[in-house]
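Please read them with the model open.

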Amino acid sequence: MEINLSMPSSLLDFQDVSKIFVDSKFRKIQSLENINFSAHQGEFIVIIGPSGCGKSTILRLAAGLDKPTSGKVLYHGKPIQEPDRQRGLVFQSYSVFPWLTVRENIAFGLNKSNSRSNEEKLSQWLSFTGLNEFADAYPKTLSGGMRQRVALARTMIVEPELLLLDEPFGALDEPTRKSMQALLLKAIAGSGCSVLLVTHDISEALILADRIILMSSLPGRILDIFIPPLNDSRTRDHFITPDFKSLYDEILERFPVQVIGE
Ligand SMILES: Nc1ncnc2c1ncn2[C@@H]1O[C@H](COP(=O)(O)OP(=O)(O)OP(=O)(O)O)[C@@H](O)[C@H]1O
Ligand SMILES: [Mg+2]
């Protein structure tokens with residue numbers, strides 16, 4: 001008897017998804033192979049795995065920027081056809097528009113019809129991300145952490161159902177990354193927003209995730225799924241507890257070793 005493990009309330013479903021790219025020399029590159037998972041409302045899923053294993057490909061498929069070669073990517077049970085504001089994507093590198101000010105960047109996706117509520121939302125997000133004083137500045141004058149705060153505010157201001165974050169804090173130093181993780185958790189708290197976040201950082205995965213998906217090297221397959229211990233306040237202090245330390249070690253042990261070069 002076949003058991004259906006995907007719960008009916010799932011927001012996003014990957015069903016037997018494979019993705020093959022053809023590179024500039026017409027070689028086939030299988031980026032993903034038989035990916036199966038579901039994300040439920042309010043769930044925080046973190047994807048980790050070695051470089052080039054198809055993590056960004058998963059996010060691009062979920063965003064609707066790419067289509068699977070085989071299998072299905074479903075959103076509310078329907079195949080994803082194109083990008084949608086309900087599925088906000090923050091890219092691996094700083095995804096702000098350099099020609100717009102901080103205020104204009106954050107307001108970018110807002111529906112222009114209700115300007116009063118837009119002004120309120122804008123001022124809330126400027127304060128929430130600590131960017132009030134920089135509202136009229138252009139991104140080139142901001143630090144990396146500030147730019148990622150702009151990108152987060154721009155994505156969250158439209159109240160997405162699903163937040164897709166591709167190594168959003170990867171380029172930041174450790175203390176800034178730590179504050180950004182806390183800011184992200186604060187931003188989504190109580191919003192019901194689901195998150196699919198890609199990182200290389202096992203500690204980051206343990207702090208943020210309800211569920212951690214570990215990928216294999218290319219072609220990307222799901223190697224394992226880990227559920228961190230209940231983690232209400234989610235802070236780095238949890239790493240002194242034996243539960244977290246042993247899960248960290250277990251994931252590290254399973255993490256595929258990558259050979260780079262000849
Ligand atoms: N548009 C494309 N054309 C050809 N090959 C591609 C394309 N996009 C991705 N690939 C290939 O698919 C594989 C997976 O790429 P992807 O960017 O998803 O990896 P990743 O896990 O996000 O890597 P990283 O951790 O370095 O960001 C890589 O081998 C990459 O070269
Ligand atoms: Mg990537």
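**Notes on the fold and the ligand shell**

1. The protein chain holds 7 helices and 10 strands. Its radius of gyration is 19 Å, close to the 18 Å that the globule rule gives for 262 residues, so the chain is as compact as a globular protein of that length. This is a predicted model.

2. Buried residues make up 34% of the 262 in the chain. Among contacts with a separation of 6 or more, 70% are between residues 24 or more positions apart.

3. One open sheet is built from 4 strands in the order 2-1-4-5, with antiparallel pairing. Its edges are strand 2 (28-40) and strand 5 (78-79), each of which pairs on one side only. In general, strands of a sheet pair through backbone hydrogen bonds.

4. At one end of that order, strand 4 (residues 70-75) and strand 5 run antiparallel and are joined by 2 bridges. Leu74 has Pro79, in strand 5, as its bridge partner.

5. Which residues come nearest to ligand 1? They are Phe21, Ser51, Lys55, Ser56 and Thr57, out of 13 residues around ligand 1. Strand 2 and helix 1 (55-63) are the elements that give two or more residues to this shell. Helix 1 gives the most, with 3 residues.

6. Sorted by class, the shell around ligand 1 consists of 7 polar, 4 nonpolar and 2 charged residues.

How values were computed: Residues numbered from 1 in each chain as written. Chains lettered and ligands numbered in written order. Predicted model: local features only at pLDDT ≥ 70, side-chain atom pairs only at ≥ 80, totals over all residues. Rg over C-alpha atoms; globule rule 2.2 N^0.38 Å. Buried ≥ 20, exposed ≤ 12 C-beta atoms within 10 Å, placed from the backbone. Contact = placed C-beta atoms within 7 Å. Pairing = 2+ DSSP bridges. Near = placed C-beta within 6 Å. Nonpolar A, V, L, I, M, F, W, Y, C, P; charged D, E, K, R; others polar.
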